[in-house]
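Please read them with the structure open.

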Amino acid sequence: MTVSRPINVSLAAFPGQSLDASLAKATLAAASGHESIKPLSAQDVQICPQVSTRMTEELAHSLRSQFPDLRWRLHANVWVRERRVIRDLADWNADRQYFVELATISQALHAAAYTAHAGLRCRSSLSEAMNATRAAADLFQCRVGIEGHYPTNGDQFLLSSWGEYALLLSARVDYAIDLSHLHIVATASGKQERGLVSELLASEHCIEVHLSGNDGTRDQHVAIDGGEWWLELVNAAHQDATLFTEEIRERQVLRRLS
């Protein structure tokens, strides 16, 4: 099956590499032509925590000046402080200042959206994390989406079951859907909730869709092989949702940061 709309190459596809290097390689991948199941694009650039370049407001302005035709956005706990930190929406109340710093950079990029993971269950309730998503939209002055997780030992993460994804759909809060995460949910539960997934994708609150493959046990960001049960649902994604592939294309060891 072919996905009928362009899928942008997320910079997460080049973990541990600099912003310049990963952007160049994403652009090259998109220019190389259509892959077996999807046309690739580099029009929308998603800067992720896997990028080894620290983001600043000055760099954001420079990127806008250098690449005026690209559309930029941040994803998750991008490196903005001298020392890296992991901050999810569950940490909204514990470290609001991090999101203030991130919002300044997002606004300098003229970003249309920002997405972040729900985070640890011990840090927040699901309703609090969704409220943080709404509050972050006011702070960032753009659409902000919450991204769900998948089952782990100890049930560590919010938004990691079909029941919680159903709650997300009914909450009318913006979100990102990572279909590889939902494959892990399906494998763990023994249920492929195709109807729910279709509704999640088609909703006006779906602002991003992430695609990659895994074996159903953990997040691996491997290549899509075309046999994924969710692939036939992708074309139903809302017209305003931006699609990103997170398939790892080149890996570089992340250097230790202090």
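1. Start with D155. Its relative accessibility is 39%, so D155 counts as partly exposed. This is a predicted model, so treat every distance below as computed from predicted coordinates.

2. D155 and R121 meet through their side chains in a salt bridge, at 3.3 Å from N to O. The partners come from distant parts of the chain, 34 residues apart. D155 sits in the loop between β6 (143-147) and α5 (162-171), and R121 in the loop between β5 and α4. R121 counts as partly exposed because its relative accessibility is 29%.

3. R121 also forms a salt bridge with E164, with the closest N and O atoms 2.8 Å apart. E164 lies in helix α5 and R121 in the loop between β5 and α4, so this pair ties together parts 43 residues apart in sequence. E164 is buried, at a relative accessible area of 12%.

4. The R123 and D91 side chains make another salt bridge, at 2.7 Å from N to O. R123 is in the loop between β5 (113-117) and α4 (126-140), while D91 is in the loop between β4 (71-75) and α3 (96-108). They are 32 residues apart. Which of the two is buried? D91 is, with a relative accessible area of 7%. R123 is partly exposed, at 44% relative accessibility.

5. The whole structure holds 13 salt bridges. R81, R87, D95 and E101 are linked in a network of them.

6. How many disulfides are there? For C48, the nearest cysteine sulfur belongs to C142 and is 15 Å away. C48 is buried, at 2% relative accessibility. C122 counts as exposed, at 67%.

7. The largest nonpolar core has 79 residues. Within this core, I47, I146 and L179 touch the most other members. Beyond four places in sequence, I146 touches residues including L89, A116, M130, L159, L168, V173 and Y175. D174 and T133 are also among the contacts of I146. In soluble globular proteins, nonpolar side chains tend to be buried together.

8. S41 belongs to strand β2 (residues 40-41). S41 is buried, with a relative accessible area of 15%. Its side chain reaches the backbone nitrogen of Q43 at 3.0 Å. Beyond four places in sequence, S41 touches P6, I7, N8, V9 and A30.

9. Confidence comes last. Mean pLDDT for the protein chain is 95, and 97% of the residues reach 70 or more. Residues 253-258 stay under 50, and the model has seven contacts for them beyond four places in sequence. Where pLDDT is low, the predicted coordinates should not be read in detail.

Conventions. Residues are numbered from 1 along each chain as its sequence is written. This is a predicted model: local features need pLDDT of at least 70, side-chain atom pairs count only at pLDDT 80 or more; totals for chains, interfaces and linings use all residues. Side-chain values use heavy atoms; hydrogens and water are left out. pLDDT is the predictor's confidence in each residue, from 0 to 100. Contact means heavy atoms within 4.5 Å. A disulfide is a pair of cysteine sulfur atoms within 2.5 Å. Buried means under 20% relative accessible area, exposed over 50%, partly exposed in between (1.4 Å probe, protein chains only). A nonpolar core is a set of buried Ala, Val, Leu, Ile, Met, Phe, Trp, Tyr and Cys residues joined through side-chain atoms within 4.5 Å. Helices (H or I, at least four residues) and strands (E, at least two) are DSSP runs, numbered from the N terminus. A polar contact is a pair of N or O atoms within 3.5 Å; within protein, one must be able to donate a hydrogen and the other to accept it, and residues adjacent in sequence count only if both atoms are side-chain atoms. A salt bridge is a side-chain nitrogen of Lys or Arg within 4 Å of a carboxyl oxygen of Asp or Glu.
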